[in-house]
Amino acid sequence: MWPTLRYMGGACGRARCHFARGFLRARERASAGPGLLCGGGRSSSTSSFDIVIIGGGIVGLASARTLILKYPGLSIGVVEKEKDLALHQTGRNSGVIHSGIYYKPESLKAKLCIEGAALIYEYCNLKRIPYRQCGKLIVAVEQEEIPRLQALYERGLQNGVQGLRLIQQEEIKKKEPYCRGLMAIDCPYTGIVDYQQVALSFAQDFQDAGGSILKDFEVKDIEIAKESPSRSKDEMKYPIAVKNSKGEEVQCRYVVTCAGLYSDRISELSGCNPDPQIVPFRGDYLLLKPEKGYLVKGNIYPVPDSRFPFLGVHFTPKLDGTIWLGPNAVLAFKREGYRPFDFNARDVMEIILKSGFFKLVLHNFSYGANEMYKACFLSETVKHLQKFIPEITTSDVLRTLHWNLVSSPVGTQLKAMTPLLPECSHHEFSREQSGPLRGPAGVRAQAMDRNGNLIDDFVFDGGTGDIGERVLHVRNAPSPAATSSLAISRMIADEVQQRFKL
């Protein structure tokens, strides 16, 4: 039996999670069959659904896919505020398929990661989505790190992570010839994949099964639908109205929110608990010059600091052959602030007034100051990287890409003056009319309580009343949510069934 979900409100009840083996293949075959149209014959342009999912990231799309395959008779829609899917946390991460070694034994994160990694590999094989199981070394470079490394190894064994080994200096050199270390954990089950491609495949499965996706639909309100003055809300088939910033709305029976960076605000819109608050942390990546790619074969990670959910600056090979170095973890002054000086007054005021951020800073000032220092000075980040690969120098690292704007018959195009990096799609770089473009960056939606504690496990929330009892909020889906997405979607589907009595 899977452990109970964590809830933030007493009115939300409890739910048990369990996963049926063989679900993926069985449902995959079912989705190939004809006749799975939205709502048993509705057109995809309908404005009313049995279930509306808010958020077109990997968790929202995986959940939509699982729900429509499990309940093909229901009409299900996804609304996404952007013009494309999976542009934020899903499309802006290192793309690692995690093995599950880091997480507390018997925790939901550990179980979902182990289950999710197996499902991601299976799904990618089924859909022929490229991935590489290149493995990972977690390397101790100081004597004082060895006890923590050994404890981490024991945790991985308790979690059932496949193929773990503790290796010494000689074996480290065999696996990563340019890496120095006293001892390391060899995690052969770790891989890399393009999670945006995976998410888009989930979206295609969902649409093929009759689901609808409404893009450019930024949710601004969730309220009781005003269908007809002569009918009471109890008689309405679709009692909930989800409205966007343009004044348009869709009506539905139930709502599931997977809103990532905006999960707290969407919860508040529905009258549910505004806590935990989301505090955005930006992670910047450096890029190893292509001619230095031979220095890194697989993922190389430091021994993590157990006080924080961040895994530290690491070396990640991408599917296109580039090597990403990072990320750091610094406060972002905008929820979608991918550049150092991006700023949003509302986002900053909420950090100051609503979250426990300053309590976090007070207790962890030295860590935060060190992260900010490394973010400001490239040489300091390189100095940290040199602990693992001494051959790396500042000149081997790309922090910016320089582009020229050139004319073409189809409009203005960007032409790289440094080697083109196919993995880094257009939305991952900040554009200016002239000058440099910064390297890849992402913003992590970190849930935090009012005491400054980082919420490091999955949080689900609902409420009471006409709206609250019809809403399920995914309030916190922390890393490794992308790895765990298919496992999370099963859990959400089970909770939807229990909560909404489907």
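Author: In this predicted model, a residue is called buried under 20% relative accessible area, exposed over 50% and partly exposed in between (1.4 Å probe, protein chains only). Local features need pLDDT of at least 70, side-chain atom pairs count only at pLDDT 80 or more, and totals for chains, interfaces and linings use all residues. Residues are numbered from 1 along each chain as its sequence is written, and side-chain values use heavy atoms, with hydrogens and water left out.

Reader: Why is Arg 282 called buried?

Author: Arg 282 has a relative accessible area of 7%, and the limit for a buried residue is under 20%; Arg 282 is therefore buried.

Reader: What makes Lys 292 and Asp 396 a link between parts apart in sequence?

Author: Their side chains meet in a salt bridge at 3.9 Å, N to O. Lys 292 lies in the loop between β15 (286–288) and β16 (299–302), and Asp 396 in the loop between α11 and β20 (397–398), so the pair ties together parts 104 residues apart in sequence. Strands (E, at least two residues) and helices (H or I, at least four) are DSSP runs, numbered from the N terminus. Lys 292, at 23%, counts as partly exposed, and Asp 396, at 7%, as buried.

Reader: How do you know that α10 and α11 are roughly perpendicular?

Author: Helix α10 (residues 365–376) and helix α11 (residues 378–385) pack at about 110 degrees, with axes 5 Å apart. Axes are lines fitted to C-alpha atoms over the stretch in contact, and angles run from 0 to 180 degrees between N-to-C directions. Angles under 35 degrees count as roughly parallel, over 145 as roughly antiparallel, 65 to 115 as roughly perpendicular and the rest as oblique. The two helices, α10 and α11, are therefore roughly perpendicular to each other.

Methods: A salt bridge is a side-chain nitrogen of Lys or Arg within 4 Å of a carboxyl oxygen of Asp or Glu.
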